Amino acid sequence: MNKEISKEDFARLVQQYASQVLDFTTRLLSDRREAEEVAQDAFVKAFRSLDTFNFQSSFCTWVCRIAYHMSLDRLKRQHPYYVDIDNLPAIADEELSTGREERIALMEEAIDDLTNDEQLLIHLYYYEDRPLRDIAYIMDVEPNALATRLHRIRKKLSRMIKQKEHGQADR
């Protein structure tokens, strides 16, 4: 891709990747119109910043990175991000063998208690099945650090669920 791209060529890129970027922003922002706005703004910013695109990633991942940072700005002014637990694999299948529905409800509560970044990482990795390399680029973090963070989040969720279970057992 030439950094001196025509508006028509860029319009084709937008058409090619618009649905992926919109899906990404929709997962981050609860309001559909706001997600559409951020997706559109991300493409505008990408067009204006083409000279900074260094081919470290795909064009779509680069635009998602821009959209991620723009979405974070919006999220700072909103309520916490929600992750749909039905789309996450179980933390440990053997732990969910009894009382599955109750454990899922506890997991949903625990995920709601995570920070926005932790919830986003869980969502991108498990729901969107994105490789750590792409998530690291989007979130501007080293892949190894991200893998460590993901491991810590899983342990944190496990502890939180156990605490919630003990809290329910005391009732």
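Trainee: Is K156 buried, exposed or partly exposed?

Mentor: Start with the scale. Buried means under 20% relative accessible area, exposed means over 50%, and partly exposed lies in between (1.4 Å probe, protein chains only). K156 has a relative accessible area of 26%, so K156 is partly exposed.

Trainee: What should I know about the model itself?

Mentor: It is a predicted model: local features need pLDDT of at least 70, side-chain atom pairs count only at pLDDT 80 or more, and totals for chains, interfaces and linings use all residues. Residues are numbered from 1 along each chain as its sequence is written, and side-chain values use heavy atoms, with hydrogens and water left out.

Trainee: Which residue forms a salt bridge with K156?

Mentor: First the idea. A salt bridge is a side-chain nitrogen of Lys or Arg within 4 Å of a carboxyl oxygen of Asp or Glu. Here the partner of K156 is E118, with the closest N and O atoms 3.1 Å apart. This pair links distant parts of the chain, 38 residues apart: K156 sits in helix α7 (residues 143–169) and E118 in helix α5 (residues 116–127). E118 counts as buried, at 14% relative accessibility.

Trainee: How are helices picked out?

Mentor: Helices (H or I, at least four residues) and strands (E, at least two) are DSSP runs, numbered from the N terminus.

Trainee: How many residues does α5 have, and how far does it reach?

Mentor: The expected span of a helix is 1.5 Å times one less than its number of residues. α5 has 12 residues and reaches 15 Å from its first C-alpha to its last, close to the expected 16 Å. Its buried residues include E118, L121 and L124. After α5 comes D129, with a positive phi near 55°.

Trainee: How many salt bridges does the structure hold?

Mentor: Eight. One of them joins E36 and R32, with the closest N and O atoms 3.2 Å apart.

Trainee: Why can residues four places apart point the same way?

Mentor: An α-helix has 3.6 residues a turn, so residues three or four places apart point the same way. E36 and R32 are four residues apart in helix α2 (residues 32–48), about one helical turn. E36 is partly exposed at 36%, and R32 is partly exposed at 42%.

Trainee: Which residue does D41 meet in a salt bridge?

Mentor: R74, at 4.0 Å, N to O. The two are 33 residues apart, with D41 in helix α2 and R74 in helix α3 (residues 59–75). D41 is partly exposed at 30%, whereas R74 is buried at 16%.
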